[in-house]
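Welcome, and have a look at the model below.

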Amino acid sequence: MLIQTTQLTKNVETSEGILHILQPTDLQISAGETVAIVGASGSGKSTLLSLLAGLDLASDGKVSIDNVNLGDLDEEQRAKVRADKVGFIFQSFLLIPSLTALENVMLPAELAGNKEAEQQARELLGNVGLSDRLTHYPNQLSGGEQQRVAIARAFVGTPKILFADEPTGNLDSATGHKVEDLLFEMNQASGTTLVMVTHDTELAKRCQRVLRMDAGKLTEVTGDVG
C-alpha cells in the first residue's frame, strides 16, 4: 500500500477547548490510484492532505508513505521523503517570483541533486505547452500558464505521489478545464498516484475514488458525488 493511515488524528488547542480537526482516520491508497477528497470549507480536507504529505504532524495515529512511517522521522528526513516521492500542486501556484518558468520547474530537481534538471524541466514545460515561455517570470504569465508551470514542477522529480490542493480553484471555468485535462493526461502517462482536494464535484468524478470529509470525519462516497 503506497499511502496508509491508522487512526490518524489532528487536534488543536483553542481558547474554548480542544478542536478536533481530524477524527481518527483509517485510509489506504494504492499505487496508481486517483483519489478526490471533497467537503465543505473547514471540514478538514486540506489538513488531511498536509498530514498525508508530511507537511503537518498528527496529534495521534500513524501515516505511512511507501512503508515509511512519517511519525518516526525528523523534519529533515520527512523533507527527503517529500523530495524523493512527492509532488505538489497548490491553488495559489506558489511559484517563486524571482525565478523564470524554467528555473521554477528546475528547482526541486536541482535541490535533489538531479544533474538532468534543466533537460527534464524543458521537456515538461514543452509537455504543458510552454516551450515559448521558458524565460518568462510568473508576473508575465496568465493564471492558467502559472498553474501549468506548477504542474510541470510537480512532475519534475517523477514523483510516486502527487498531492493537489484545489488545483483549479483560482482559474476561470474554461482555463480550469484545460488545466484539469492536462493534469490527468500527465498523471496517466506517468502512472503517478493522485490525491486531490477539490470543491468541484465534476472534477472529483474524474477520479477513481471519491472521499468526503465532514466535520473531520472521512467517508468513502459510493454513489453520486453530488
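A crossing is left-handed if the near helix is turned anticlockwise from the far one by less than a right angle, and right-handed if clockwise. This is a predicted model, where local features need pLDDT of at least 70, side-chain atom pairs count only at pLDDT 80 or more, and totals for chains, interfaces and linings use all residues. Residues are numbered from 1 along each chain as its sequence is written, and side-chain values use heavy atoms, leaving out hydrogens and water.

By that convention, α5 passes α6 in a right-handed crossing. The axes of α5 (residues 143-155) and α6 (residues 173-190) come within 10 Å and cross at roughly 15°. The two helices are therefore roughly parallel to each other (angles under 35 degrees count as such). Contact here means heavy atoms within 4.5 Å. On the α5 side, Gly144, Gln147, Arg148, Ile151 and Phe155 take part, meeting α6 residues that include Val179, Leu182, Leu183 and Met186. The residues of this contact divide into six nonpolar, five polar and one charged.

Now for the two single residues, with their burial classes: buried means under 20% relative accessible area, exposed over 50%, and partly exposed in between (1.4 Å probe, protein chains only).

| Residue | Class and relative accessible area |
|---|---|
| Glu180 | buried, 5% |
| Leu94 | partly exposed, 47% |

Glu180 sits in helix α6. Not counting residues up to four places away in sequence, Glu180 touches Thr168, Asp200, Leu203 and Arg206.

Leu94 lies in the loop between β6 (86-90) and α3 (101-111).

Terms used: Axes fitted to C-alpha atoms, helices over the stretch in contact; angles between N-to-C directions. Helix = DSSP H or I, 4+ residues; strand = E, 2+ residues; numbered from the N terminus. Parallel < 35°, antiparallel > 145°, perpendicular 65-115°, else oblique. Nonpolar A, V, L, I, M, F, W, Y, C, P; charged D, E, K, R; others polar.
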